[in-house]
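Morning, everyone. Let's walk through one structure together. Please look at the screen.

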Amino acid sequence: MSDRALISGSAAYRNGAVERWLAWRYLATRQREGFVSFIAIFSLIGVALGVATLIIVLSVMGGFRASLIGRLIGMNGHVVITARDGMLDTTPDLLAALRKVPEVKTVHLTLERQALAGANGVTRGAVLRGVRLEDLMSREIITKNVVHGEIGAFDTRPGVVIGERLRQALNLRAGDKVTIVTHKLNENGAIAPRYVDYEVLASFLTKRYEFDNTLVFMPLQMLQEDLEYDRKAVSSIDLELADPAAAPKVAEEIRKSLGRTDLKVADWQTLNARFVGALEVEKVMMFIILTLIVLVAAMNVVASFTMLVRVKRGSIAILRTMGASPATIVRAFFLAAAAVGLVGTALGTALGLLVCANMATVARLLATLLEAGGSGAGGSEIEFITAAPVRVQVGEVAAVIVIAVALSLGAAAYPAWRSARVEPVEGLRHE
């Protein structure tokens with residue numbers, strides 16, 4: 001079909017065939033303008049790589065944030081209830097009221113005290129946590145990270161489960177005795193130390209320093225007896241929720257339902273406000289910085305198609321003299337430039353999701369290349385990458401796509417506007 005026949009055909013003109021045909025001709029430019037086409041291809045690749053990088057980095061960082069938060073709240077409850085003064089009395093009515101809250105999965109009782117742990121002439125500061133057997137077994141951060149001994153004997157004999165770093169610092173093995181030093185008040189009000197020996201049952205390695213270096217778990221009833229507390233006395237009641245994100249809402253509901261001023265109800269986000277806030281700031285800043293990559297690629301689209309408009313001035317002038325309206329020329333260039341951005345966004349999204357789905361394979365390939373190149377990278381560095389959790393969130397991917405499409409369409413608007421400003425007489429003068 002000739003150019004004149006295509007432009008003069010009213011049906012084709014109405015359904016946009018003219019604009020689509022012209023857009024394709026501009027993208028599949030001939031040898032004379034091959035340099036412009038070359039730039040357009042690399043603009044497409046730039047958009048694709050920018051979108052893929054944004055999705056991959058956000059997913060990996062999201063996985064690390066989820067892992068950090070999981071370790072943070074893995075040792076504690078999503079909602080923590082404590083007494084404003086002294087110990088918390090766990091009455092049956094209080095526990096029953098908490099279990100009736102729809103979002104609450106389990107109720108954990110915790111008695112925590114500062115202490116000293118000593119063995120083999122070495123003494124370290126420790127945090128004692130008295131817990132029930134079922135509460136300890138329900139914490140996967142402990143049960144899935146046992147590296148020495150077994151916790152099956154917990155609650156059957158005076159034994160403790162300690163952090164792996166603390167075990168190594170005290171040079172202990174399963175079955176050895178560790179001396180726990182606590183304090184108590186005498187009748188005259190003086191503070192007296194209390195020494196008790198416990199058997200080391202097992203150790204855990206969560207890869208969080210404050211847990212592995214200080215925590216000592218022991219049966220709740222045994223710690224209550226050693227500290228001469230009542231069987232109902234605990235430091236806190238930790239609530240595990242079905243949805244950790246709902247913790248602030250659930251905490252507020254519990255405050256209103258209990259109506260007790262002697263209790264303090266706090267959610268994990270409030271207890272770790274600085275840490276959570278830092279993660280949110282990091283997430284936003286990372287998103288903004290990586291979006292600049294897509295913006296740079298979009299600027300390449302602007303540059304390449306602005307050059308194309310200058311190269312095609314003669315063709316635009318001829319089309320105008322054949323009856324094409326300025327709107328037709330604008331739409332044709334807009335479709336051509338937008339196609340580069342939209343196709344690049346689609347390819348980048350597919351590439352980003354593909355890499356996220358095969359991150360472990362990519363890490364193994366990286367390890368092979370590093371070893372083959374003799375870079376000297378150790379196994380710990382590669383393990384850090386291989387074990388990197390990837391969390392692809394639909395909302396984040398959708399936001400990346402929306403931003404990339406918006407930047408692509410915005411980049412396509414300027415060359416299209418420039419094409420409408422080409423006057424037929426000026427264009428033909430240079431032919």
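Contact here means heavy atoms within 4.5 Å. The model is a predicted one: local features need pLDDT of at least 70, side-chain atom pairs count only at pLDDT 80 or more, and totals for chains, interfaces and linings use all residues. Residues are numbered from 1 along each chain as its sequence is written, and side-chain values use heavy atoms, with hydrogens and water left out.

Start with Ile254. Which residues does Ile254 touch, not counting residues up to four places away in sequence? They are Val79, Ile81, Leu98, Val101, Leu239, Gly259 and Val265.

Now the core. A nonpolar core is a set of buried Ala, Val, Leu, Ile, Met, Phe, Trp, Tyr and Cys residues joined through side-chain atoms within 4.5 Å. Buried means under 20% relative accessible area, exposed over 50%, partly exposed in between, with a 1.4 Å probe and protein chains only. The largest nonpolar core has 48 residues. Ile254 is among those with the most contacts inside it, as are Ile81, Leu98 and Leu239. Strand S3, residues 104–119, gives the most to this core: 7 residues. Strands (E, at least two residues) are DSSP runs, numbered from the N terminus. There is also a second, separate core of 28 residues, including Leu58 and Val302.

Last stop: Gly152. Where does Gly152 sit? Look in the loop between strand S5 (146–149) and strand S6 (159–163). Is Gly152 buried or exposed? Exposed, because its relative accessible area is 63%. Met137 is 15 residues from Gly152 in sequence, and 9.3 Å away in space, C-alpha to C-alpha.

Key
Helix = DSSP H or I, 4+ residues; strand = E, 2+ residues; numbered from the N terminus.
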